[in-house]
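Here is a friendly walk through the model, one question at a time. Have the viewer open and follow along.

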Amino acid sequence: EKTKAKSEIEQKAKEKTNAINTDKSLTDEEKDELKKKVETKKEEIKNSIETKDTKAEVTSEKENGLKALDEIKIEEKDKKKTKAKEKIENLKNLSKDEKDNYNSQIDSSTKNSNIDTVIEDAKKKDSEKLDAKKQSVNDKIDKEFTSLKEEEKTSLKEEVKNATTIKDLDTILEKAQALNEGNLEKYKESVKKQIEELKNLSKEEKDKFTNSLTPLDTKEKVDEVLEKAKEKDKENLNFEKTKAKEEIDKLDNLSNEEKKDFDSKIDNATKKAEIDKVVEDAKAKNEENKKAKEKEDLDAKKEKAKEEVDKLDNLSKEEKDDFKTKIDNATKKAEIDKVIEDAKEKDKENKKEKEDLDAKKEKAKEELDKKVKEKIKEIKNSTLSKEEKEKLISKILQKQKELEEEIEKGNSKE
């Protein structure tokens, strides 16, 4: 039975390894990591099967082992390629065709280092496009928009410097052109676009700021509204960051290092959606850690429970094995507690039965001894010769010994 069970584990591990080798969504490093886990788990299960004494225990260990091998995997969201594509998607200055091209390179990559190179190339391309656009806008501010005052040029160039997307730069360019033309209404429209691009304002807040631009009659007043909108955007972002960090701090199954890592990601976030994603990932990791800890605690409780069963002196080996199999199959602590309770109850029943049986045996032996003594007395008082008496008494004593042995075995009906 053990040989058959171990053979099934070997076959399952082989199938799992083959599936890992043919999974194109994994890098070579991820495949090696998973295959190592499969090999380690396979040997662990086989060794555990070897220690089992009953068919039920072997079957239970085999089934648990097959399930454990099945569960060895890397979640889609944690795969190197998935994370890499998320990084590509977050590069705001690449076109769809450029992103598709980089994603295609990621799909065809087999090593972590290849993917890292693709990401670096994509980031470089994104940065180069942004820098080129910034240069183009600055050139127009300096050379084409001749009606701008020096302080206006300085202010616009500061906005160009802080811009993070080509879309932001297009809006700044529209703003510069409107200012150059002395067209306040056109300038307001460009400022409205800037306000609409602020990622951490609600629709109501954006509407409030953009509507307040309508009656304004100077560029300075319009700029003041824009600055207030930016301040509110930053305030909202910081509020969300503080709230997110407080939420993460309450997750009891994260280590301090894990919490610090998530907090760092929150600090680097530029909009609420990014913060929400960090919190979502933190909760998922918290749940993962919780399940791992629960399994660890459950396994420890199982071992302790089996030791407790072994200490119950009034259970047979078969009874102990049966209770230990039930413990192995338990999925909750309450189930283990119930098995222990049942085992102790059975131990008490067996002890009572043994005590009752011992009492019956003792009584039977006492009655037998009484009859033997009466018989011997009768023989001694008989007219038999001394030799005949001794011979008959010897037979009786031998029979008494045999009957006592039968009584002790619990088999005598005499």
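Q: Which residues does Ser25 touch, not counting residues up to four places away in sequence?
A: This is a predicted model, in which local features need pLDDT of at least 70 and side-chain atom pairs count only at pLDDT 80 or more, while totals for chains, interfaces and linings use all residues. Residues are numbered from 1 along each chain as its sequence is written, and side-chain values use heavy atoms, with hydrogens and water left out. Ser25 sits in the loop between helix H1 (2-21) and H2, where helices (H or I, at least four residues) and strands (E, at least two) are DSSP runs numbered from the N terminus. With contact meaning heavy atoms within 4.5 Å, the residues that Ser25 touches, beyond those up to four places away in sequence, are Glu30, Lys79 and Lys81.

Q: Is Lys52 buried or exposed?
A: Lys52 is found in the loop between helix H2 (28-50) and helix H3 (55-70). Leaving aside neighbours within four places in sequence, Lys52 is in contact with Lys2, Glu57, Val58, Glu61, Lys306 and Asp328. At 9% relative accessibility, Lys52 counts as buried.

Q: Which residues does Lys46 touch, not counting residues up to four places away in sequence?
A: Lys46 lies in helix H2. Its relative accessible area is 17%, so Lys46 is buried. Not counting residues up to four places away in sequence, Lys46 touches Lys6, Ile9 and Glu10.

Q: How many Å apart in space are Thr59 and Ala5, C-alpha to C-alpha?
A: Thr59 belongs to helix H3 and counts as partly exposed at 30% relative accessibility. Thr59 and Ala5 are 54 residues apart in sequence, and the C-alpha to C-alpha separation in space is 7.2 Å.

Q: How are H8 and H9 oriented, roughly parallel or roughly antiparallel?
A: Two packed helices are described by the angle between their axes and the distance between the axes. The axes of helix H8 (residues 166-181) and helix H9 (residues 184-197) come within 8 Å and cross at roughly 160°; axes are lines fitted to C-alpha atoms, for helices over the stretch in contact, and angles run from 0 to 180 degrees between N-to-C directions. Angles under 35 degrees count as roughly parallel, over 145 as roughly antiparallel, 65 to 115 as roughly perpendicular and the rest as oblique. The crossing therefore makes H8 and H9 roughly antiparallel.

Q: Which classes do the residues of the contact of H8 with H9 divide into, and how many are in each?
A: Among the residues that meet are Lys167, Asp168 and Ile172 in H8 and Lys186, Tyr187 and Ser190 in H9. Ala, Val, Leu, Ile, Met, Phe, Trp, Tyr, Cys and Pro count as nonpolar, Asp, Glu, Lys and Arg as charged, and the others, Gly among them, as polar. The contact divides into five nonpolar, four polar and eight charged residues.

Q: How many nonpolar, polar and charged residues does the contact of H9 with H11 have?
A: The axes of H9 and helix H11 (residues 219-249) come within 10 Å and cross at roughly 5°. H9 and H11 are therefore roughly parallel to each other. By class, their contact has eight nonpolar, one polar and three charged residues.

Q: How far apart in space are Asn238 and Lys52, C-alpha to C-alpha?
A: Asn238 is placed in helix H11 and is partly exposed, with a relative accessible area of 38%. Asn238 and Lys52 are 186 residues apart in sequence, and C-alpha to C-alpha their separation in space is 58 Å.

How values were computed:
Buried < 20%, exposed > 50% of the residue type's maximum accessible area, 1.4 Å probe, protein only.
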